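Hi everyone, thanks for coming. I'd like to walk you through one structure this morning, so please have a look at the screen.

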Amino acid sequence: MNKSNNLKTFNELLYENEKKWADVVYLRQPIAGVWHEITWKEAMLRARKITTFLKGLGLKKGDKVAIFSKNCAEWFLADFAIAMGGFISVPLFPTQHKDNIHYVLDHAEVKVIFVGKLDNWEIQETGIPDHIIRIAFPYEHPMPAKYQWNDILAETEPDTSNYVPQLDDVYTIVYTSGTTGNPKGAMIPFRSQANIKWVIDEEQRTLSGYTVDHNFYISYLPLGHITERMVIEYVSVVQKSTVSFVESLATFAQNLRDISPTNFFAVPRIWTQFQKGVLAKIPQSKLDFILKIPILSGYFKRKIKETLGLSRSLQNGSGSAPISQDLLNWYEKLGITILEGYGRTEDLTVVSRGLPGQNRAGTVGKPRPGVEVKISEEGEILTRSNIMMAGYYKNPEATKAAFTEDGFLKTGDRGTFDEEGNLIILGRVNDSFKTDKGEFVNPIPIEGKFGSNGYIEQSCLIGLTLPQPVLIVVLSETAQKLDRSEVNRSLKETLDAINPDLTKFEKISHIIVAKEGWTPENAILTPTLKMKRNVIHTKYIDLAQKAIPNPEVVIWED
């Protein structure tokens, strides 16, 4: 890892780009179907004005400023302004529950909050304490705010101080999604962020043919998540890039086609949705037939990539949750290699990733340059590098518990290495459960096997206190429109195909079909779309216990 003192802070890179790429279009924001383009020069002018305004509110170095909005150009500019003022950004998820919003804002001692594109702000704003000053981004139907973004730009002079922070200063506090208990605020220092540039530069040397001089990105996954913040926002500052945003969920597919990014990252659920969209137009049997004909195969692969918006994407990634091997294989047949990566908020998601031309399916790649990874005696993945949090904000006990005595970060994930040194994720340390027969079951690999059934949108295996595990599933939109008998047949066929390969104590007794989807709004998923297994277990354990003696294998929640 780069241990020299010539690391450049986020702020210094911004000031360089302002001059070096002044006339390069940096941000593209769609409004009412029209793309509004912002050059680096204009982006920095707006950010500098916001910095002046924040200082005028009386904020001092180290004060916390929150950003609460869907992704948009102003999200980036507000983050720039906060850093250039010497303040600390605290991002929130646009789907965050009001109770969590209140906890984070209160715990972080936030003084100002930017509010922007939100779907349920009427409910969420009750989580914002009255003393916090609001500044509204310039979009329709905004949350009420004392100050308006466009008014500030029209009435404020740009800050010209070019403040440069110390490497050990905190750049941002990113609160974990909180699968159990209250979120913890990971303090990310400028040093950790600066070292990512070194990692990227090292990897670039091995990626001939998979990189371009000018990157085109789409930013749509929540910027409150460290992955989007680093993979899109920070990388776009490190490398010459143009970042385009999505206007709405309804326009996502068209926006993606319009942008045609050079690199594309998605969570497994989105890759699944893409697959279902393709199969809705071309049944699998017909697609299999076409792919066997050389001339037609190449044409259809190109057309599918164009339809998805991936015609010029050189690197396609997946992360944040396990993706099924069946899905990876399906895309591979279309000429779309999906590279998996691994990391957490606490290490800025920089642990390992598959590289194009070097990818090993079923793994999350080899450790990235300068990152040490080892497996503890208990099977837990431990990591150490110069790209890690400084600790949890106002939580020294949790900080101490997060690290080993020799400075390795405890990830809470179980893993192993293959014979080539690629890291394989086996699940969470605390996700395993013990059936009433005293046997431990690791649910994630088993859940992944059900990814081949297109009728299943979400799945969670439970089994604590049960004689055999029970699978809870949420149906896909297609399956919800079908007759129950057809869904039952499909689910039973999949279960009958999977159970013989499982050990005796892993065999699934029943499948329970949930009557509603799992979302952040009903508190079953975190804002980053991770399942709260304890919540699902509590919600369905009674129904699962009643299902055990039932001769019908598939049970529907009433």
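Let me start with a question: in which sense do β9 and strand β19 pair, and over how many bridges? The sense is antiparallel, and β9 and β19, which covers residues 391-392, pair over 2 bridges. Before I go on, please keep in mind that this is a predicted model.

Let's stay with β9 for a moment. Within that pairing, A186 stands opposite Y392 in β19. β9 also pairs with strand β8, residues 170-175, again in the antiparallel sense, this time over 5 bridges. There you can find T172 opposite I188 of β9.

Now please turn to another sheet. Here 4 strands form an open sheet with antiparallel pairing, in the order β17-β18-β20-β21. At the edges are β17, residues 372-375, and β21, residues 423-428, and each of these pairs on one side only. From one strand to the next, the twist averages 50 degrees. If you follow β20, residues 409-417, you will see an antiparallel pairing with β21 over 5 bridges.

On to the charges. How many salt bridges does the count come to? The count comes to 32 salt bridges. I've picked a few.

In one of them, the side chains of K55 and D159 meet at 2.9 Å, N to O. K55 sits in helix α2, residues 40-56, while D159 is in the loop between α6 and β8, so this pair ties together parts that are 104 residues apart in sequence. Is K55 buried or partly exposed? With a relative accessible area of 35%, K55 is partly exposed. D159 is at 12% relative accessibility, so D159 counts as buried, the cut-off for that being under 20%.

Next, E457 forms a salt bridge with K276, and their closest N and O atoms are 2.9 Å apart. Why does this pair tie together parts that are 181 residues apart in sequence? Because E457 lies in strand β24, residues 456-462, and K276 lies in helix α10, residues 268-281. Both E457 and K276 are buried.

E372 and R384 form a salt bridge, with the closest N and O atoms 3.0 Å apart. E372 belongs to strand β17 and R384 to strand β18, residues 380-384, so here the parts tied together are 12 residues apart in sequence. E372 is partly exposed, with a relative accessible area of 38%, and R384, at 27%, counts as partly exposed too. There is also a network: R360, D418, E419 and E420 are joined by salt bridges that share partners.

Last stop, the surface. Y210, V212 and L314 form a nonpolar patch there, and together they have about 200 Å² of accessible area. To find V212, look in the loop between α7, residues 190-204, and β10, residues 215-219. V212 is partly exposed, with a relative accessible area of 33%.

That's my tour, and I'm happy to take questions.

Definitions and conventions:
Residues numbered from 1 in each chain as written. Predicted model: local features only at pLDDT ≥ 70, side-chain atom pairs only at ≥ 80, totals over all residues. Heavy atoms only, no water. Patch = residues over 30% accessible without salt bridge, like charges linked within 9 Å, V, L, I, M, F, W, Y side chains within 5 Å. Areas by Shrake-Rupley, 256 points an atom, 1.4 Å probe, with all protein chains shown as cover. Salt bridge = Lys/Arg side-chain N within 4 Å of Asp/Glu carboxyl O. Buried < 20%, exposed > 50% of the residue type's maximum accessible area, 1.4 Å probe, protein only. Pairing = 2+ DSSP bridges. Axes fitted to C-alpha atoms, helices over the stretch in contact; angles between N-to-C directions.
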